[in-house]
Amino acid sequence: MAMVLFLCLNLAVPPGLMAQGAKEEAAKQEGPSFRPEEVDQMVAPIALYPDNLLAQVLAASTYPLEIVQAARLVQQNKELKGEKLMAAAKDKDWEPSVKAMLEFPDVLLMMNEKLEWTEKLGNAFLSQQKDVMASVQRLRKKAQESGNLKTTKEQKVIVEEQTKVIIIQPASPEVVYVPTYNPVVVYGAWPYPAYPPYPVYPPGYVAATAAFSFAAGVAVGAAWSGHGGWGCGWGNNEVNVNVSKQNNFTKNNYNNSEKYQKNQNVKNQSWQHNPENRKGAKYPNQNTAQKYGQQRSGSGGRATTSDARGYGSGGGQRGGAGPQTSDLSRGGDRQSAGDRGSSGRAQTSDLSRGGGKESAFGGGSGGSERASSNRGSESRSSASRSGGGGSSSSGGGSRGGGGGGGRR
């Protein structure tokens with residue numbers, strides 16, 4: 001009887017259909033990949049950064065919660081700069097690429113202000129690192145052909161003869177100038193009308209006649225500097241870590257520097273993501289989550305970005321522990337008991353902070369965003385009235401004076 005049933009099933013389901021089903025299941029596990037035009041869209045605001053700073057931003061973008069916490073420290077200590085700001089963060093157990101962003105507070109604040117973009121960039125870098133690096137080269141070539149990328153007194157633009165790879169370096173190793181430009185203008189005619197470059201600018205950016213200019217230089221020659229610890233390995237389209245520079249940085253800027261010390265015998269290493277510093281922010285797909293020892297599906301009932309904005313069925317109650325980015329980015333630590341469990345996590349959400357009226361991803365989809373947000377608000381209000389609790393509770397673990405959660 002079992003043999004007859006097996007034969008019947010084989011006759012009923014053609015081998016080709018079975019193979020197609022297997023492919024679909026594999027694709028579901030891997031998650032949707034970003035198309036080249038989508039990667040170009042999100043990389044456009046930073047593709048023209050000097051290589052070392054670009055690599056550092058890409059690495060730091062994979063830790064959205066810590067970006068928020070570091071930005072808070074900057075906002076709460078506006079009078080501190082350079083070494084004094086680093087000293088104020090010495091007890092913060094942030095990943096080195098994030099802590100080193102304190103050297104570039106304007107870039108850090110930009111990443112915090114456009115947090116949803118930062119999270120999406122980090123997700124793309126985690127799951128498609130080589131595609132992200134290839135996108136940088138495509139965009140640099142477009143900017144160069146448009147006459148907007150050239151050697152100046154602030155930077156050196158080098159084109160390797162054989163590979164045609166475009167390298168951007170500071171004109172002086174002691175001072176880094178962060179370029180400010182309008183991504184919509186600097187690359188010339190944009191080939192993807194449905195995916196325009198993200199309108200992400202450093203704080204204080206003002207549209208001027210020049211398509212490409214520079215912010216004030218950042219001195220990076222001091223012993224505490226972490227700049228230069230990250231670099232672009234264009235041969236393999238990856239981010240590399242200069243071990244001696246990063247070890248020097250962690251030694252000077254952490255109370256527990258041994259945790260982040262790398263093997264000194266291998267001078268240059270491929271950058272490796274540290275899931276501990278991800279602190280609960282969801283990975284973009286199941287494969288990436290499993291790669292870093294996490295579970296994306298059913299991960300403690302944590303809310304996704306969409307849930308936090310009113311999409312999906314995340315709705316009423318969520319488990320987990322500790323604050324996630326939507327709460328931290330709003331500038332408050334309280335969590336609604338109707339939305340989350342007693343120590344629930346909300347997930348990254350940028351424009352819920354008031355950074356803009358429209359979705360950073362939608363290009364004019366603000367109306368549907370707001371409608372979805374309203375639906376989420378009604379759902380949360382309903383949950384609260386039906387016994388979710390009216391009082392707000394403190395989210396997550398202990399927080400230091402750095403505004404949101406130095407974990408020790």
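This is a predicted model: local features need pLDDT of at least 70, side-chain atom pairs count only at pLDDT 80 or more; totals for chains, interfaces and linings use all residues.
Reader: Which residues of helix H8 are buried?
Author: Val-107, Leu-108, Leu-109, Met-110, Met-111 and Asn-112, in a helix that runs 105–113. Buried means under 20% relative accessible area, with a 1.4 Å probe and protein chains only. Helices are DSSP runs of H or I, at least four residues, and strands are E runs of at least two, numbered from the N terminus.

Reader: What covers them?
Author: The cover includes H4 (51–60), H5 (64–76) and H9 (115–127).

Reader: New topic. Which residues lie nearest the centre of the second largest pocket?
Author: Asn-52, His-227, Gly-228, Trp-230 and Lys-245, out of 28 lining residues. A pocket is an open set of points on a 1 Å grid over the protein atoms alone, with protein on both sides within 12 Å along at least five of seven lines; lining residues have an atom within 4 Å of a point.

Reader: Which element gives the largest share of that lining?
Author: Strand S2, with four residues. H4, S7, S8 and H12 are among the elements that each supply at least two.

Reader: And what lines the largest cavity?
Author: Pro-45, Tyr-49, Pro-179, Thr-180, Tyr-181, Val-200 and Pro-202. In a cavity, a 1.4 Å probe fits but cannot get out.

Definitions and conventions:
Residues are numbered from 1 along each chain as its sequence is written. Side-chain values use heavy atoms; hydrogens and water are left out. Buried means under 20% relative accessible area, exposed over 50%, partly exposed in between (1.4 Å probe, protein chains only). Contact means heavy atoms within 4.5 Å.
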